[in-house]
Amino acid sequence: MAWALKLPLADEVIESGLVQDFDASLSGIGQELGAGAYSMSDVLALPIFKQEESSLPPDNENKILPFQYVLCAATSPAVKLHDETLTYLNQGQSYEIRMLDNRKLGELPEINGKLVKSIFRVVFHDRRLQYTEHQQLEGWRWNRPGDRILDIDIPMSVGIIDPRANPNQLNTVEFLWDPAKRTSVFIQVHCISTEFTMRKHGGEKGVPFRVQIDTFKENENGEYTEHLHSASCQIKVFKPKGADRKQKTDREKMEKRTPHEKEKYQPSYETTILTECSPWPEITYVNNSPSPGFNSSHSSFSLGEGNGSPNHQPEPPPPVTDNLLPTTTPQEAQQWLHRNRFSTFTRLFTNFSGADLLKLTRDDVIQICGPADGIRLFNALKGRMVRPRLTIYVCQESLQLREQQQQQQQQQQKHEDGDSNVYHAIYLEELTAIELTEKIAQLFSISPCQISQIYKQGPTGIHVLISDEMIQNFQEEACFILDTMKAETNDSYHIILK
């Protein structure tokens, strides 16, 4: 019985001792983890966190972020946390992008005192539109002939050297700059987001774009092909003053939200910092074919002049007949594609010879290039000529258009009888009197200004002045005999169609 009474006493002693030990263990917690002693770096130094950190890809440990680009335009306040920022721009308005040297001391010493090259692009944000980018841009070019999607405002920009814009790349500009000096580029975006929206009922939202900057340094050959850094941001482009109205609307919507709802959205910042991204996929670092880069020896700016191509001079205008031959080499086929406005597809047909391209069927080309460009490329490959709107035949009755040619005409007089019935074809496209004058002058190998007027012999031998309307009423394959009459002024003649 006495043994049974001792058990509760022992339990009480043990219990009270545990309580004292627990209180003692808590007594210093507030002091040890006070505001001054707490350090997140100490927590991250624990072995468990070190093990997780080592599992990250090694690329992230050695990442080089030598530059920072800042777009001087406010971000939208209606963007949720952890989403990418969105910036509204006005069509055609100049916006500054500051190019900042963000290198640490001793980082990338090989570019000290040297220039780097940056390529600016306005591209689609949506993946669906990225797959059909060339078709979208060709459609925009068709609707806005002569316009560009992206331009540099040269007078307002500071520190840029040798800016260029390739006429075949409406959404791309490039320039050189010195990281050690202040550099600000003012860009203008001329397309608006709703131009690439499928029209359904009206009022559709515009598609977002991306402004992407890729920067390169020189290689051993002096070409800017070694990638340094890429960054981009998301934008939407509105008609003039539309971006200001959209920014105001977003701000008013956010003001109506409750404080709890506002916590889910980012604040609006005065400027937009471009975030790091992958290089643009069209950039080729080792390639023998023409690339978007250019050699530092060039020093002229040309918007729409064709000087933005890197490794070759602008191609001369294509000849009248520029048919692709089966014997054409892949290099010559690439040049043919450039000359005939198929630069977008040169990468697709890099290793295609003339014979390879000519073997493609109509369906093959359409499947590769899309309906619009596919039909155009197929017709170009087959050398299909467009029929002229009007064809007429003319025969010379007199060879006295030039007084200085009289001696030659006398020598040829003996052949005139045999050639009097030889007719020449004249093909007209515009059906105008000016065009007819130029074609006749070309036939006689004289200047068009030496032909004063062109008449058509009417009833009773009257001379009727030829007008555009008269040419439009000519019969197809009509035959005329050309006679000449000396005009009142020297070295000028009237042409009479009989």
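Leaving aside residues up to four places away in sequence, L71 touches T87, L89, Y95, E96, I97, C233, I235, T271, T272 and L274, where contact means heavy atoms within 4.5 Å. The model is a predicted one, in which local features need pLDDT of at least 70 and side-chain atom pairs count only at pLDDT 80 or more, while totals for chains, interfaces and linings use all residues. Residues are numbered from 1 along each chain as its sequence is written, and side-chain values use heavy atoms, with hydrogens and water left out.

**Nonpolar cores**

- L71, together with I97, M99, F120 and F209, touches the most other members of the largest nonpolar core, which has 42 residues; such a core is a set of buried Ala, Val, Leu, Ile, Met, Phe, Trp, Tyr and Cys residues joined through side-chain atoms within 4.5 Å.
- The element that gives the most to this core is strand β10 (residues 224-238), with five residues; helices (H or I, at least four residues) and strands (E, at least two) are DSSP runs, numbered from the N terminus.
- Another core, of 21 residues, lies apart from it and includes I471, A478, L482 and L497.
- In soluble globular proteins, nonpolar side chains tend to be buried together.

**The chain as a whole**

- The secondary structure comes to 16 helices and 18 strands.
- Of the 498 residues of the chain, 38% count as buried, that is, under 20% relative accessible area, with exposed meaning over 50% and partly exposed in between (1.4 Å probe, protein chains only).
- Among contacts between residues at least 6 apart in sequence, 69% join residues at least 24 apart.

**Helices α12 and α13**

- The axes of helix α12 (residues 362-369) and helix α13 (residues 371-381) come within 7 Å and cross at roughly 140°, the axes being lines fitted to C-alpha atoms over the stretch in contact, with angles running from 0 to 180 degrees between N-to-C directions.
- The contact is made by R362, V365, I366 and C369 of α12 and by P371, D373, G374, I375, L377, F378 and L381 of α13.

- Most residues other than glycine have a negative phi.
- H82, in the loop between β1 (67-71) and β2 (86-90), has a positive phi near 70°, and H82 counts as exposed because its relative accessibility is 82%.
- R341, in the loop between α10 (330-339) and α11 (354-358), has a positive phi of about 65° although it is not a glycine, and R341 counts as exposed at 58% relative accessibility.
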